[in-house]
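Here is a short briefing on one model. Read it with the structure open.

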Amino acid sequence: MSAEAQNGQSNGELLLQVKDLKKHFPIERGLFLKRAVDYVRAVDGVSFDIERGETMGLVGESGCGKSTTGRTILRLYPPTAGEVYFGDVEINSLSGRELHRLRPRMQMIFQDPLASLNPRMTVEGIVGEPLQIHFRASRKERKERVAELLELVGLNPRFSTRYPHEFSGGQRQRIGVARALALQPEFIVCDEPISALDVSVQAQVVNLLEELQDNLQITYLFIAHDLNMVRYISDRVAVMYLGKLVEMATSDELYAHPLHPYTQALMSAAPVPDPVVEGEAQRIILEGDVPSPVNPPSGCRFHTRCPIAEEICSQEEPLLRELAPGHTAACHLI
Ligand SMILES: Nc1ncnc2c1ncn2[C@@H]1O[C@H](COP(=O)(O)OP(=O)(O)O)[C@@H](O)[C@H]1O
Ligand code: SF4
Ligand SMILES: [Mg+2]
């Protein structure tokens, strides 16, 4: 089933196409003449696309390359290789000026609102800053638009003269959302926007993001380390391990039939509220940490932790294959 059929909002038009994207960070040595002695292969050949109006979840343990993927897509980091099409514009080939012109259409919401909001700026300054940079809006225009934006995210416009530390975690994330919305973007990378929040306010922020999507037709890439967090907001979910995608399917399909051993392990790590389901599900415990992306394991990168690995796994790299309509996974043994 296509995501279009699933969520009824997207119209089948591809907004974003990511093709074999790579981001390697050089590890430099030398005091005066710096030279790269090795590379952190944070993102190592990732391909997927997102339809307009759709929410794509991106999950994996910490250090798997999710944030780097999001930032490289927005070209906050220059890519090492690969292509990113936004509509029919290839972002990586744009000049600085062309990129600046495209910027308002793609924004990011960060995990830690306190760290990403300037503590010395008022809410009005923070939310209005993009308007000043991109549209040179006047003080009065900014004030009006900020009031509108605060209302849109459920904050009282009277708070606009206050500073970030005067707000709760959930309210601060709303300020981050208002800032991201200021330029009316079509696409937002939400990088673990609720991970740092109390469980009691997580649902409120997710509901807000969904409401905004319905009203403003925004497309999301929603990053989380916990499968449960992306389950309800995502139309489709991509699972990432050590710089590569290992499985991708619609949200319902992925939860009903997780195929890749890594996805299954992530799923057993997540608490299951239904005791009957928990009793039936086979628990796969993920042992150890994610290996270093400087020297990723040979063959299947998951083979050092996979409970069912065989000889071929350390020798040949499994490619993503379509195993059911719209459901792809990279594993030799499924
Ligand atoms: N600016 C950077 N320079 C060097 N290495 C980085 C940088 N950003 C991230 N990394 C490394 O890339 C890998 C992926 O990081 P990240 O994308 O932040 O993962 P995630 O968001 O899934 O936790 C990690 O090993 C991390 O240490
Ligand atoms: S290819 Fe082998 S090591 Fe990799 S997930 Fe499949 S069974 Fe496990
Ligand atoms: Mg991250």
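Helix α5 (residues 123-135) and helix α7 (residues 169-181) have axes that come within 7 Å and cross at roughly 30°. That crossing makes α5 roughly parallel to α7 (angles under 35 degrees count as such). This is a predicted model: local features need pLDDT of at least 70, side-chain atom pairs count only at pLDDT 80 or more, and totals for chains, interfaces and linings use all residues. Residues are numbered from 1 along each chain as its sequence is written, while chains are lettered from A and ligands numbered from 1 in the order in which they are written.

**Helix pair α5 and α7**
- Val123, Ile126, Val127 and Pro130 of α5 make the contact with Ile175, Ala178 and Arg179 of α7 (contact: C-beta atoms, placed from the backbone, within 7 Å).
- By class, this contact holds six nonpolar, no polar and one charged residues (Ala, Val, Leu, Ile, Met, Phe, Trp, Tyr, Cys and Pro are nonpolar; Asp, Glu, Lys and Arg charged; the others, Gly among them, polar).
- Axes are lines fitted to C-alpha atoms, for helices over the stretch in contact, with angles from 0 to 180 degrees between N-to-C directions.
- Helices (H or I, at least four residues) and strands (E, at least two) are DSSP runs, numbered from the N terminus.

**Ligand 1 and α2**
- The shell of ligand 1 includes Phe25, Val40, Ala42 and Pro293, along with Lys66, Ser67 and Thr68 (near: C-beta atom, placed from the backbone, within 6 Å).
- β2 (35-51) and α2 (66-73) each supply at least two shell residues.
- α2 gives the largest share, three residues.
- The shell divides into five nonpolar, six polar and one charged.
- Seven of the eight residues of α2 are buried, so the helix is largely enclosed by the rest of the structure (buried: 20 or more other C-beta atoms within 10 Å of its own; exposed: 12 or fewer; partly exposed in between; C-beta atoms placed from the backbone).
- Just after α2, Arg75 takes a positive phi of about 55°.

**Strand β3**
- Five of the five residues of β3 (residues 55-59) are buried, so this strand is largely enclosed by the rest of the structure.
- Thr55, Gly57 and Val59 cover one side, Met56 and Leu58 the other, and all are buried.
- β3 pairs with β8 (residues 219-224) in the parallel sense over five bridges (pairing: at least two DSSP bridges).
- Met56 has Leu221 of β8 as its bridge partner.
- Four bridges join β3 to β9 (residues 236-241), also parallel.

**Ligand 2**
- 13 residues surround ligand 2, the closest being Cys300, His303, Cys306, Cys313 and Cys331.
- Ten are nonpolar, three polar and none charged.

Key: Angles under 35 degrees count as roughly parallel, over 145 as roughly antiparallel, 65 to 115 as roughly perpendicular and the rest as oblique. Two residues are in contact if their C-beta atoms, placed from the backbone, lie within 7 Å.
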